[in-house]
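Here are a few exercises to work through with the model open in your viewer. Try each task before you read its solution.

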Amino acid sequence: METGMSSQEKKKVLFLCYHNSARSQMAEGLLRNMYGDRYEAYSAGIEATVVDPRAILVMEEIDIDISDQYSKVSRKYQDNIFDIAVTVCDRARQSCPICSTPLELPNEQPNTTEQPRAKEVIHKGFKDPADAAGSEEKQLEVFRSIRDEMQEWISMTFA
């Protein structure tokens with residue numbers, strides 16, 4: 001007996017941060033792992049870089065593999081209308097094109113912004129773990145802390 005929703009019934013959620021290297025990548029992996037039966041999770045950035053290896057490592061610690069995820073710019077999803085877009089850093093909130101896009105657009109209206117659109121935009125800022133200084137272990141502690149904070153927020157917001 002199949003209990004999961006089809007991909008057409010799932011809500012599409014896009015997580016955005018500036019570089020799409022840590023916070024949005026971890027959020028994508030967390031939502032997919034925690035509530036993948038109800039949500040399709042995506043992530044993107046204003047600029048693409050690489051997925052931070054420390055993010056991959058701390059996600060592996062809780063049995064979530066994000067090693068196949070890659071950094072991408074939000075334009076990759078320009079033809080998509082998401083149910084929810086979540087900016088996870090202040091910088092993305094300030095410069096994120098999706099935040100200034102009209103949110104209620106009919107599907108047949110062409111997208112002239114070259115950016116994804118969303119029905120709802122949420123901002124939940126998290127500190128940038130990539131700014132962590134000190135020993136490798138101290139840096140990983142910061143990544144774990146942000147991961148755990150995100151996990152709690154996702155649980156409260158999407159449960």
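Two residues are in contact when heavy atoms of theirs lie within 4.5 Å. Keep in mind that this is a predicted model.

**Exercise 1. Describe the overall build of the protein chain, from its elements to its contacts.**

Solution. Begin with the elements: the protein chain holds four helices and four strands. Read from the N terminus, their order is β-α-β-α-β-α-β-α. Next, take the contacts between residues at least 6 apart in sequence; 79% of these join residues at least 24 apart. Finish with the surface: 45% of the 159 residues are buried. The chain exposes about 8500 Å², and carbon and sulfur atoms supply 45% of that area.

**Exercise 2. At what angle do helix H1 and helix H4 pack, and which residues make the contact?**

Solution. Two packed helices are described by the angle between their axes and the distance between the axes. H1 covers residues 23-35 and H4 covers residues 136-158; their axes are 10 Å apart and the angle is about 45°. The crossing of H1 and H4 is right-handed. On the H1 side, the contact is made by Arg23, Met26, Ala27, Leu30, Leu31, Met34 and Tyr35. H4 brings Phe143, Ile146, Arg147, Met150, Gln151, Ile154, Ser155 and Phe158. Sorted by type, the residues of this contact are 11 nonpolar, two polar and two charged.

**Exercise 3. Carry out the analysis for H2 and H4: how do their axes cross, and what types of residue make the contact?**

Solution. Helix H2 spans residues 53-60, and its axis comes within 9 Å of the H4 axis, crossing at roughly 65°. H2 passes H4 in a right-handed crossing. From H2, the contact uses Arg54, Ala55, Leu57, Val58 and Met59; from H4, it uses Gln139, Leu140, Phe143, Arg144 and Arg147. By type, these divide into six nonpolar, one polar and three charged.

**Exercise 4. Where is Gly125, and which residues does Gly125 contact beyond its sequence neighbours?**

Solution. First locate Gly125: it sits in the loop between strand S4 (117-123) and H4. Setting aside neighbours within four places in sequence, Gly125 is in contact with Thr87, Val88 and Cys89. Lastly, compare sequence and space: Gly125 and Met150 are 25 residues apart in sequence, and 9.7 Å separates their C-alpha atoms. Met150 is also one of the H4 residues in the contact with H1.

Definitions and conventions
Residues are numbered from 1 along each chain as its sequence is written. This is a predicted model: local features need pLDDT of at least 70, side-chain atom pairs count only at pLDDT 80 or more; totals for chains, interfaces and linings use all residues. Side-chain values use heavy atoms; hydrogens and water are left out. Helices (H or I, at least four residues) and strands (E, at least two) are DSSP runs, numbered from the N terminus. Buried means under 20% relative accessible area, exposed over 50%, partly exposed in between (1.4 Å probe, protein chains only). Accessible areas come from the Shrake-Rupley method with a 1.4 Å probe; for residues, only the protein chains shown count as cover. Axes are lines fitted to C-alpha atoms, for helices over the stretch in contact, and angles run from 0 to 180 degrees between N-to-C directions. A crossing is left-handed if the near helix is turned anticlockwise from the far one by less than a right angle, and right-handed if clockwise. Ala, Val, Leu, Ile, Met, Phe, Trp, Tyr, Cys and Pro count as nonpolar, Asp, Glu, Lys and Arg as charged, and the others, Gly among them, as polar.
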